[in-house]
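Dear colleague,

Here is the structure I said I would pass on. My notes on its packing and strand pairing follow below.

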Amino acid sequence: LEFRRVLFRSPILFYYLIFPLSHDIRIFFGVAHFASLTGGFPLGVDYAYEAKPIANRILFYGLYSLFSPLWTDKVLFSLSVKLFVALVAFICIYIFSKKISEIFAIEPYQVFLISVVSIFTCSDFITFQTEWFCAILAILITTCILSKHRIAWTVGGALMIPMFLLKGISIFYCGTVIFAILLLSIDNLKKYKEFLAGAILTGLAFLISIPFWFPHFINDALTVMQVNGFGAVTFGLIDQISVTLGMTLALYYSIPILTVSMFCACILVFYYIQSKQWLKIGLISAMWVVTALPAMIQTEWYSYQFAVFTFTSIITLILFIDLIRDKTNKTVITYAVIITVLIMCAISFSVYSWHVTYWDTYSSDANLINSNFSLTSQPELLYLDEGAAQWYFFAPSACRISVPFIIYFNRTGHDLRQLPAYRELSECISTYAGEYIVTDRGLAELSPTQKPITKKVEEGYVKVWNQSFEIYQKKV
């Protein structure tokens, strides 16, 4: 592989490293820090509640643990984590590129370059999100299945379980991977038996571990489904399809590779129709549709919910370059794709540059708060924010549910007060007797059903800070 073409002729790593970790990612790492204070892996990770399933918590706890000595220096911590993840991703992509070059008449460096650009030109709001990691995991699973070694096939199947447990609805991405593998190679059905065996054995092992390692897993999963209103129909099917399709077309500034690959996918489909390759038409269509289903079902359409399209785009571009290998210069096409993506990346850079200022404001405010109130040295804090406060203030949460979305989502028409998790959190809040309470949303956002919480704060505490965070101190 000609690494110089990747590392010294494009601003990819600079773009990836320059932005700070987004708000959601700070929540994940804050919860990982809380888990380290409550026993670590596995029971502490299970105890420290967060809306994402257990595999996401394990992932961020692992990254946190590797670089925990740098935790107090957030810039150095963030850069170290990003460089480590990039290194792991580069290794996966390198092996993936070699495997692809054994199947198609494509140079490894071309696959490597397209894959790196696809993954690392996503906006800062997308990188490190669960779906972004799913895309990298999809590359690794595909590499395992394309291998000639039986153990790799089994490992590929085993990795399907973490893919599912990263977000739950990410089970659809397992379908994305399967359709991608069938598009790339249908050569040895025996490998799929090994693949299935790996998935089944790993799934059984996880189920057995739940009572011992993850006792809160089932209740937490059910809570998230009810809090998010899973199964509630808020949009018609036509509306869901229309908005999802519109978002895939509009995300050129967040996932620059997506627009390019959609154009290439259309060309592939027309070619397959012309040449009557009906199986490939079905497989490529299924790969794209299944990748879109999670975003369509969740009806939130956050840009990060489309991150697995980076993997879909890589597979599509590989097929496209292979298609034109006898018709034009593959190198020219490869670099045309890269240049187009980097232009879109520059647009994305300008659109998202405000994040730098926005999150630096939070950091500077947190430093001022700590210098005035020493929150980090408190034995415990009541966090009523969205979860990122644990990134700035290192004191352990007084409640297991340190990301209390459940109290903000409780409102007229969506009553969550009957849930065990809601009662658990309400009891914890009512018995809290610590010195400070931290929030970043403001108690005004609480619905009238939260009067016991607002009453406790208003009667027992006084607001002493109101910039970025709201800090309430216990009345003397």
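Leaving aside residues up to four places away in sequence, Phe29 touches Leu21, Phe60, Leu63, Tyr64, Trp71, Phe77, Val81 and Trp391. Please keep in mind that this is a predicted model.

Three of those names, Phe60, Leu63 and Tyr64, turn up again among the buried residues of helix α5. Ile54, Ala55, Asn56, Arg57 and Tyr61 of α5 are buried as well. The helix covers residues 54–66, 13 residues in total. From first C-alpha to last it reaches 18 Å, close to the 18 Å expected at 1.5 Å a residue.

Phe29 also belongs to the largest nonpolar core, which has 148 residues. Along with Phe128, Trp132, Phe393 and Phe469, Phe29 is listed as having the most contacts inside that core. Helix α8 (residues 130–146) gives the most to this core, contributing 12 residues. As background, nonpolar side chains in soluble globular proteins tend to be buried together.

On the strands, β2 (residues 436–439) has two partners to report. Strand β1 (residues 382–383) pairs with β2 in the parallel sense over 2 bridges, and Tyr383 stands opposite Val438. Strand β4 (residues 469–474) pairs with β2 in the antiparallel sense over 4 bridges; here Ile437 has Tyr472 as its bridge partner.

Which residues of β2 point one way, and which the other? Tyr436 and Val438 go one way, Ile437 and Thr439 the other, and all are buried.

Regards

Conventions:
Residues are numbered from 1 along each chain as its sequence is written. This is a predicted model: local features need pLDDT of at least 70, side-chain atom pairs count only at pLDDT 80 or more; totals for chains, interfaces and linings use all residues. Side-chain values use heavy atoms; hydrogens and water are left out. The expected span of a helix is 1.5 Å times one less than its number of residues. Buried means under 20% relative accessible area, exposed over 50%, partly exposed in between (1.4 Å probe, protein chains only). A nonpolar core is a set of buried Ala, Val, Leu, Ile, Met, Phe, Trp, Tyr and Cys residues joined through side-chain atoms within 4.5 Å. Contact means heavy atoms within 4.5 Å. Two strands pair if DSSP finds at least two bridges between them.
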